Structures are given as structure tokens and as C-alpha cells.
Amino acid sequence: MDDPIDQVVQLILEAGKVVVFTGAGVSTESGIPDFRSPGGIWSRYDPEDFTIQRFVADKEARKRNWQVRRELVSANYQPNPAHYAIVELEKLGKLSCVITQNIDGLHHTAGNSEENIIELHGTIKFSKCLECDDRLPLVDVLKRIEEGEEDPHCRKCGGLLKAATVSFGEAMPQDKMYQAERHSRECDLFIVIGSSLVVYPAASMPLIAKRAGAKLVIINYTPTEMDSRADVVVHAKAGEVMGAILEKVKQKRPSAG
Ligand code: NAD
């Protein structure tokens, strides 16, 4: 079997527990730029503004940070065929979980169940208080900013409010890291979709899965440093290939009963 798409189809048919690991590349076909491609987010903003240290220390950096959040939320981005293909995997009973580095919430919007989504880098759907950890919908904070509050603080304890994302320099959520590592160790197929695999510790998940004996598939537009470790590599657009892969899986799957 030479066609890599057919090889991925076969691996999914044979697998009992599939972990899907997504990065910014799964959402570019929804219109959200990734970090490292030309025209990506860091060509328009200073990454230094997104460190937790700068956020806490500098009111002007916080204002720019809220501006980016407002841009992301008001654009009302929608899932694309790659997100929906992952929902299909769940419906087929194959998906162990989707581990995502994305903060855009599109796996939820597409229809994957809450308990099957592990957001390693948080979400822009909520904000959190850096003092008391109180969470509230991000749109509520954006509304306060629109109504004139320049630098919103927690109404319960006075602490700084921030989008519930993991900024550079901020600790990873230990419970989610633990869950993601466990699923990676226990799966028999691990599929990377749209990640450059350079942001650690998230990028250690495919290595954990591979070391524990899982097959590794990488679907990414450009080559990654882990391509040589993968069983199948597909350099293509995620939305285009994932839709085709799931169609074939559904056709070839033995019917129930
Ligand atoms: P990255 O920008 O480092 O890499 C994205 C990869 O996706 C690139 O290698 C690119 O070639 C590939 N890609 C782009 N479009 C694709 C497509 N249509 N199909 C297949 N591959 C495609 O992103 P990363 O690995 O996720 O790591 C960067 C960090 O960026 C993560 O921590 C994530 O939190 C954050 N981020 C998230 C979003 C989002 O939530 N949508 C957007 C930008 C950045």
C-alpha cells in the first residue's frame, strides 16, 4: 500500500484507541493564522507582550493583549473539515481524546465532547483571575472593556484578570499534562495534525506515545523534526486530507452487528 492516505485509513481501522494531537495548523483553514508560517501571528505582534511577566508588570502590554483577544473572539471563526473529521472519529468510538495546543475552542464548537478534549494551553473562551483563579466568560470581560474599563480586575478579590490561556513563562496545567501523558502512553495510534512540534512540553506527547509502542502519524503542511520517527507522514492541508481519510474509514469499516 503506497498511498499514505490509505495507510492512515488502515491504521485507524486497526486501532482501538486513537489520540489526536492538534496545533495551530488545524485551524488555519478556519482563517486563524498560525505562529510560525509567513503572515502568522508573530509577524504582527511582539511575542514579548505575551509573557506572563510582561502582562503582570505592564498595563500597556495588557491592553495590547486584550486587543488580540478581542480580534480573535469578534472574528467568530468556525471549525473546518479537519475539526469535523475528529468529531467523526469520536462518533466511530475510536477517539481516546484530542490533545490540543490551540486556544480557539474550535474542537468544542465542532462537537467533540468536553471530556474528550484536553486543552494544554488553555482557552480564549474564558478569563481567569491571577489571584483567586475565578473564571468567567471572556466575552463578559471584553464587554467591560468596551464599556470603558481599560484594565479589568477581578470583582471578587481585585486581582488581575487575564484570558485563561497559558502565556509564555506561565506554568502548564499539571492535571491536563498528566491526563495527556496517560492517554499518549495508552493509545495504539497517535495522529499529529497541524503542529510544528517545537513547543515543549506539549511536543513530547508524540514521543511518549511512540516509546510506549503506538503507531505515529504526522499530518502537517511542512516537514517537522519528528517526521523521521513517524510511521506515516502526510505533507498536505489538514482539512483536505482529514475529510478524505474519514470518508474512507467509514466506507471500509465493518458494519455493526
Ligand atoms: P506552529 O505555528 O508552530 O505550527 C503550525 C504548523 O501547522 C506549521 O508547521 C504549518 O506548516 C502547519 N500548517 C499550517 N496550516 C496547515 C494546514 N492547513 N494543514 C496542515 N498543516 C498546516 O503551531 P503549534 O505547533 O500549534 O505551536 C505554536 C503555539 O501556537 C501553540 O502553543 C498554540 O497554543 C499556539 N497557537 C494557537 C492558535 C489557535 O488556537 N488556533 C493559533 C496560533 C498559535
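Strand β4 gives the largest share of the lining of the second largest pocket, five residues. The model is predicted, and the space in this pocket comes to about 440 Å³. Of its 21 lining residues, G122, T123, R135, A164 and K176 are the closest to the centre.

- Sorted by class, the lining of the second largest pocket holds eight charged, seven nonpolar and six polar residues.

**F126 in strand β4**

- F126 is part of strand β4, which covers residues 122-129.
- F126 has a relative accessibility of 33%, so it counts as partly exposed, since that value falls between the 20% limit for buried and the 50% limit for exposed.
- Leaving aside residues up to four places away in sequence, F126 touches R135, L136, P137, L138, A163 and A164.
- R135 and A164, among the residues that F126 touches, are also among those closest to the centre of the second largest pocket.
- F126 and D140 are 14 residues apart along the chain, and their C-alpha atoms are separated by 9.0 Å.

**The largest cavity**

- The count of cavities of 30 Å³ or more comes to one, and the largest cavity has a volume of about 40 Å³.
- T100, N102, D104, G105, L106, H107, H108, I117 and E119 form the lining of the largest cavity.
- α5 contributes the most to the lining of the largest cavity, with three residues.
- By class, five residues of the lining of the largest cavity are polar, two are nonpolar and two are charged.

**The aromatic pair**

- The structure has one aromatic pair.
- F21 and F190 form this pair, which is tilted, with 5.8 Å from centre to centre and 35° between the planes.
- The pair links distant parts of the chain, as F21 is in strand β1 (residues 18-22) and F190 is in strand β7, 169 residues away.
- F21 counts as buried because its relative accessibility is 0%.
- F190 is likewise buried, with a relative accessibility of 0%.

**Backbone features**

- Most peptide bonds are trans, and most residues other than glycine have a negative phi.
- The peptide bond from Y200 to P201 is cis, and its omega is near 10°.
- P201 is placed in the loop between β7 (189-193) and α8 (205-211).
- L197 lies in the loop between β7 and α8, and its phi is positive, near 55°, although L197 is a residue other than glycine.
- L197 is buried, because its relative accessible area is 4%.
- D133, not a glycine, has a positive phi of about 70°.
- D133 is found in the loop between β4 and β5 (135-137).
- D133 has a relative accessibility of 53%, so it counts as exposed.

Terms used
Residues are numbered from 1 along each chain as its sequence is written. This is a predicted model: local features need pLDDT of at least 70, side-chain atom pairs count only at pLDDT 80 or more; totals for chains, interfaces and linings use all residues. Side-chain values use heavy atoms; hydrogens and water are left out. Helices (H or I, at least four residues) and strands (E, at least two) are DSSP runs, numbered from the N terminus. Buried means under 20% relative accessible area, exposed over 50%, partly exposed in between (1.4 Å probe, protein chains only). Contact means heavy atoms within 4.5 Å. Rings of Phe, Tyr and Trp (its six-membered ring) pair if their centres lie within 6.5 Å; planes under 30 degrees apart count as stacked, over 60 as edge-to-face and the rest as tilted. On a 1 Å grid over the protein atoms alone, a cavity is a set of points where a 1.4 Å probe fits but cannot get out, and a pocket is an open set with protein on both sides within 12 Å along at least five of seven lines; lining residues have an atom within 4 Å of a point. Grid points are joined across faces, edges and corners, and a volume is the space filled by probe spheres set on the points. Ala, Val, Leu, Ile, Met, Phe, Trp, Tyr, Cys and Pro count as nonpolar, Asp, Glu, Lys and Arg as charged, and the others, Gly among them, as polar.
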